[in-house]
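Please look over the sequence and the model first, then read the points grouped by topic.

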Amino acid sequence: MGRDDNTVVNKNKTGVFIDSNFCKGCELCIHFCPENAIKIEENTYNAMGLHPVKWKGECSLCGICFSVCPDNAIEIKNESE
Ligand code: SF4
Ligand code: SF4
């Protein structure tokens, strides 16, 4: 709630939500994602003037990206659980 999501949202509100204004573009989540499901937004700048990352819209919701993000920019929602 209230997060500045730059992600694809499906009807079930299930997915990886990345707050672009918290993201400093360190790419840790990209490197640790086993499914190559996150990409850097090279043409986008956030409030800090940095390139944020974006979820591609589909993955297993394993939660690794959430665990490794040092800036608490990632939220995983899985309403089927
Ligand atoms: S939840 Fe897992 S598979 Fe999905 S983007 Fe994050 S690290 Fe990748
Ligand atoms: S780990 Fe966090 S701060 Fe780093 S690129 Fe991913 S979402 Fe952004």
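**A partly exposed loop residue, and the rest of the chain**

E27 counts as partly exposed because 14 other C-beta atoms lie within 10 Å. The model in which this residue sits is predicted. E27 is placed in the loop between β1 and α1, and its phi is near 70°, a positive value in a residue other than glycine.

**Overall layout**

- The protein chain contains 2 helices and 4 strands.
- In sequence order, these elements follow the pattern β-α-β-β-α-β.
- The protein chain has 81 residues, of which 25% count as buried.
- Taking contacts in the protein chain between residues at least 6 apart in sequence, 57% join residues at least 24 apart.

**Nonpolar core**

- The largest nonpolar core is made up of 13 residues.
- V16, I18, C29, I38, C65 and I74 have the most contacts inside this core.
- Two strands, β1 (15-18) and β3 (53-55), each supply at least two residues of the core.
- β1 gives the largest share of the core, with 3 residues.
- As a general background, nonpolar side chains tend to be buried together in soluble globular proteins.

**Surroundings of the ligands**

- Ligand 1 has 15 residues around it, and C33, A37, C59, C62 and C65 come nearest.
- The shell around ligand 1 divides into 12 nonpolar residues, 2 polar residues and 1 charged residue.
- Ligand 2 is surrounded by 14 residues, the closest being C23, C26, L28, C29 and C69.
- By class, the shell around ligand 2 holds 10 nonpolar residues, 1 polar residue and 3 charged residues.
- C65 is among the residues that come nearest to ligand 1, and C65 is also one of the residues with the most contacts inside the largest nonpolar core.

**N36, between α1 and β2**

- N36 is found in the loop between α1 (28-32) and β2 (38-40).
- The phi of N36 is near 55°, which is a positive value in a residue other than glycine.
- N36 counts as exposed because it has 9 C-beta neighbours inside 10 Å, and 12 or fewer is the cut-off for that class.
- From C-alpha to C-alpha, N36 and C59 are 8.7 Å apart in space, and they are 23 residues apart in sequence.
- C59 in this pair is one of the residues that come nearest to ligand 1.

**Y45 and A47, between β2 and β3**

- Y45 is found in the loop between β2 and β3, and A47 lies in the loop between β2 and β3.
- Y45 is partly exposed because 13 other C-beta atoms lie within 10 Å.
- A47 has 10 C-beta neighbours inside 10 Å, so A47 counts as exposed.
- Leaving aside residues up to four places away in sequence, Y45 touches L50 and H51.
- Y45 and N21 are 24 residues apart in sequence, and the distance between them is 8.9 Å, C-alpha to C-alpha.
- A47 and K24 are 23 residues apart along the chain, and their C-alpha atoms are separated by 9.8 Å.

Terms used
Residues numbered from 1 in each chain as written. Chains lettered and ligands numbered in written order. Predicted model: local features only at pLDDT ≥ 70, side-chain atom pairs only at ≥ 80, totals over all residues. Near = placed C-beta within 6 Å. Nonpolar A, V, L, I, M, F, W, Y, C, P; charged D, E, K, R; others polar. Core = buried A, V, L, I, M, F, W, Y, C linked by C-beta atoms within 7 Å. Buried ≥ 20, exposed ≤ 12 C-beta atoms within 10 Å, placed from the backbone. Contact = placed C-beta atoms within 7 Å.
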